[in-house]
Amino acid sequence: MEGKLEFSVLEETHEGPIGDDWRYWIEAKVFNQGLKGKGLIKVKKHSLPDGTTQVPPGPPEPVVLPAGDCSLPVKIKLTLEGTEVDLFRNDVGITDIDFTLNFPPIGNDPLVHEREVSVGVVESPGITGETSILTLKVRLVLSSE
């Protein structure tokens, strides 16, 4: 039996002093005896002031990915690139996380897994050393077909 993964961004948070204009992308890759699927969610430039938690503009549509054989665990890799948009030089940070999930038994409800992914973005030039943290709350729904 083949499974699928639905991937979505639920909310975004910004903590720090380096700016209010942000854009980002987050990619999910699903491995199950090799790469089975990958998908990207992009969020265009928008206002995200310090201390704000909000639903991303849009909000962006979920991405559905093939996830391979339901009898095997799946490895998921999330890569987040956050950009604080400046007039002359943008400030960019990138991070990734890996984790493994098991499919729910066939006939059971999908497995819903929520996770936070954070990236630090340092002001350029690095003289001041000011940093902001962009955090996304994502939802992964793993189901057996």
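**An all-strand chain, discussed**

Mentor: From the N terminus on, the elements run β-β-β-β-β-β-β-β-β. This is a predicted model.

Trainee: How many helices and strands are there in the protein?

Mentor: There are 0 helices and 9 strands.

Trainee: What does the C-alpha trace span along its principal axes?

Mentor: About 55 × 25 × 20 Å. Of the 145 residues, 42% count as buried. The protein exposes about 7600 Å², and carbon and sulfur atoms supply 49% of that area.

Trainee: What share of the contacts with a separation of 6 or more comes from residues 24 or more positions apart?

Mentor: Those residues account for 70% of such contacts.

Trainee: Now the sheet. What is the strand order in the open sheet of 4 strands?

Mentor: The order is β3-β2-β6-β7, and the pairing is antiparallel. β3 and β7 (91–101) are the edge strands, each pairing on one side only. From one strand to the next, the twist averages 10°.

Trainee: How many bridges join β2 to β6?

Mentor: 10 bridges join strand β2 (residues 21–31) to strand β6 (residues 74–84), and the two run antiparallel. V30 has I76 as its bridge partner in β6, and A28 has L78 there.

Trainee: And what about β2 with β3, how many bridges there?

Mentor: They pair over 10 bridges in the antiparallel sense. D21, for instance, stands opposite S47 in β3. β2 and β3 form a hairpin with 3 residues between them. In the turn, Q33 has a positive phi of about 60°.

Trainee: Staying with β3, is H46 buried or exposed?

Mentor: H46 lies in strand β3 (residues 35–47). Its relative accessibility is 11%, so H46 counts as buried, the cut-off being under 20%.

Trainee: What does the side chain of H46 reach at 2.8 Å?

Mentor: The backbone oxygen of K44.

Trainee: Which residues is H46 in contact with, leaving aside neighbours within four places in sequence?

Mentor: E12, D20, D21, W22, Y24, Q54 and P57. D21 is the residue that stands opposite S47 in β3.

Trainee: Which strands are joined to β9 by bridges?

Mentor: Among them are β1 and β8. Strand β1 (residues 2–15) is joined to β9 by 12 bridges and runs antiparallel to it. Strand β8 (residues 111–122) is also joined to β9 by 12 bridges, again antiparallel.

Trainee: Which residue in β9 does F7 stand opposite, and what is the bridge partner of R115 there?

Mentor: F7 stands opposite L140, and the partner of R115 is V138.

Trainee: Which residues touch the most other members of the largest nonpolar core?

Mentor: L5, F7, I26, V74, L78 and V138, out of 31 residues in that core. β1, β2, β3, β5 (63–69), β6, β7, β8 and β9 each supply at least two residues of it. In soluble globular proteins, nonpolar side chains tend to be buried together.

Trainee: Take L5. What does L5 touch, not counting residues up to four places away in sequence?

Mentor: V30, V63, V64, L65, A67, I76, L140, V141 and L142. That list includes V30 and I76, which are bridge partners across β2 and β6. It also includes L140, the residue that F7 stands opposite in β9.

Note on methods:
Residues numbered from 1 in each chain as written. Predicted model: local features only at pLDDT ≥ 70, side-chain atom pairs only at ≥ 80, totals over all residues. Heavy atoms only, no water. Pairing = 2+ DSSP bridges. Buried < 20%, exposed > 50% of the residue type's maximum accessible area, 1.4 Å probe, protein only. Polar contact = N/O pair within 3.5 Å; in protein donor to acceptor, adjacent residues only side chain to side chain. Contact = heavy atoms within 4.5 Å. Axes fitted to C-alpha atoms, helices over the stretch in contact; angles between N-to-C directions. Core = buried A, V, L, I, M, F, W, Y, C linked by side-chain atoms within 4.5 Å. Areas by Shrake-Rupley, 256 points an atom, 1.4 Å probe, with all protein chains shown as cover.
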